[in-house]
Amino acid sequence: FPTESREETQTDARIRILQDRRIANHDVVVFANVNRVQDVLKAYEVTRAYHGKDSDSGELITDLTLQRVKP
């Protein structure tokens, strides 16, 4: 539930990648799993980019919370 210090956001996907501190909130991520990029694109806005360390492996990671947008 939203409060003064917490906002409500829609989450359509979450992913974890090796840490990349260039990624920030409001960046756009595009996923494609096709033979040609023109066939199908799925675009998402980064609503939260968390840069930290994986508690199990110690690997530096970036967790992305994503909201679907139209490309």
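R16, D54 and D63 are linked in a network of salt bridges. A salt bridge here is a side-chain nitrogen of Lys or Arg within 4 Å of a carboxyl oxygen of Asp or Glu. The model is predicted, so local features need pLDDT of at least 70 and side-chain atom pairs count only at pLDDT 80 or more, while totals for chains, interfaces and linings use all residues. Residues are numbered from 1 along each chain as its sequence is written, and side-chain values use heavy atoms, without hydrogens and water.

The structure holds three salt bridges. In the pair R16 and D54, the closest N and O atoms are 2.6 Å apart. R16 lies in strand β1, and D54 lies in the loop between β3 (42-53) and β4, 38 residues away. Strands (E, at least two residues) are DSSP runs, numbered from the N terminus. R16 also meets D63 in a salt bridge, at 2.6 Å from N to O. D63 lies in strand β4, so this pair ties together parts that are 47 residues apart in sequence.

Buried means under 20% relative accessible area, exposed over 50%, and partly exposed in between (1.4 Å probe, protein chains only). R16 is partly exposed at 47%. D54 is buried at 15%, and D63 is buried at 19%.

The remaining pair is D20 and R22, at 2.9 Å from N to O. R22 is exposed, at 73%.

The strands form an open sheet of four, in the order β1-β4-β3-β2, with antiparallel pairing. Two strands pair if DSSP finds at least two bridges between them. The edge strands are β1 (13-18) and β2 (28-31). β1 pairs with β4 (residues 60-69) over six bridges. In β4, T62 is the bridge partner of I17.
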